[in-house]
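Let's take a friendly walk through the inside of a protein. Have the sequence and the 3D view ready as you read.

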Amino acid sequence: MADKTTSRAVELKIDGKKRVFDIDNPELPDWIDSEAFASDDFPYDKKLDRDEYDATLEKLQIELVKVQFWLQATGKRVISVFEGRDAAGKGGAIHDTMAYMNPRSARIVALTKPTETERGQWYYQRYVATFPTAGEFVLFDRSWYNRAGVEPVMGFCEPAQYQHFLKQTPRFEKLIVDDGIHLFKFWLNIGREMQLKRFHDRRHDPLKVWKLSSMDIAALTKWDDYSEKRDRMLNETHTTHAPWTVIRANDKRRLRINLIRHILLSLNYDGRDKDAIGEIDRKILGFGPGFVK
């Protein structure tokens with residue numbers, strides 16, 4: 001058991017019930033363990049079979065290599081934005097997408113908090129500086145949408161800055177798309193018990209403990225605040241030119257497969273093999289605010 005003097009137990013209200021969660025206790029509470037996978041009304045009762053996942057993923061990664069050849073031959077550009085609550089699976093989805101792509105023309109952007117100089121710039125400026133050149137595929141592990149979620153929830157921006165962001169972002173993204181960049185925006189949606197389980201796993205796995213940040217701990221009691229900001233973000237920045245693709249992410253395997261499929265089916269690259277790609281699981285992937293519980 002965790003030392004009571006260092007305990008970080010918090011009281012949470014989940015589905016009308018008061019629950020106590022102590023992330024430092026190595027024993028995962030039964031009410032989390034039994035409900036995590038089914039949380040957020042997840043439509044499956046177990047993970048995608050590992051062998052099926054591995055075989056499918058390999059086919060999709062072969063197609064992603066074709067995408068890179070096409071980008072290099074045509075000079076086209078791709079931006080893929082990965083957003084979601086902490087522990088939603090962004091990093092793993094990015095890893096599987098990037099695994100066999102040539103790092104000379106595919107890269108991950110994961111910016112740290114802005115410097116004093118950056119705080120004085122146009123908000124989007126430091127993101128624009130990382131945009132792809134001809135033939136590049138850029139994946140954002142969090143993006144300018146920090147200002148739609150973590151910043152207003154945690155008090156890192158002024159209310160006026162938040163309001164301005166929601167107004168300006170559809171215009172900003174119209175400029176991106178009009179310049180010929182393929183823009184994907186992914187929101188990975190997980191249930192509350194699943195997030196708690198993943199936080200607990202990180203806390204007690206010596207190989208993953210570095211993933212658990214002070215921001216994760218602070219977020220434990222702010223689920224509803226984040227939900228409200230997510231809903232407003234989706235409502236105000238889901239547009240025809242830059243739609244939000246929403247993926248139910250309790251099963252990381254189904255998440256990654258369907259995310260990559262969506263990218264591949266959206267790009268008209270040379271040699272595209274639709275049979276190898278397969279069909280989107282519409283229980284897992286949808287679009288806009290209507291696909292969020």
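This report looks at the nonpolar cores and then at one lysine.

## Before we start

This is a predicted model, in which local features need pLDDT of at least 70, side-chain atom pairs count only at pLDDT 80 or more, and totals for chains, interfaces and linings use all residues. Residues are numbered from 1 along each chain as its sequence is written, and side-chain values use heavy atoms, with hydrogens and water left out.

## The cores

In soluble globular proteins, nonpolar side chains tend to be buried together. A nonpolar core here is a set of buried Ala, Val, Leu, Ile, Met, Phe, Trp, Tyr and Cys residues joined through side-chain atoms within 4.5 Å. Buried means under 20% relative accessible area, exposed over 50%, and partly exposed in between (1.4 Å probe, protein chains only).

The largest nonpolar core has 40 residues, and Phe-137 and Leu-259 have the most contacts inside it. Elements giving two or more residues to this core include helix H2 (50-74), strand E5 (137-141) and helix H11 (252-266). Helices (H or I, at least four residues) and strands (E, at least two) are DSSP runs, numbered from the N terminus. Another core, of 27 residues, lies apart from the largest one, and Val-138 and Val-292 are among its members.

## A lysine inside

Is Lys-185 buried or exposed? Lys-185 counts as buried because its relative accessibility is 1%. Its place is in strand E6.

The side chains of Lys-185 and Glu-173 are joined by a polar contact of 2.8 Å. Such a contact is a pair of N or O atoms within 3.5 Å; within protein, one must be able to donate a hydrogen and the other to accept it, and residues adjacent in sequence count only if both atoms are side-chain atoms. The Lys-185 side chain also reaches the backbone oxygen of Thr-237 at 2.8 Å.
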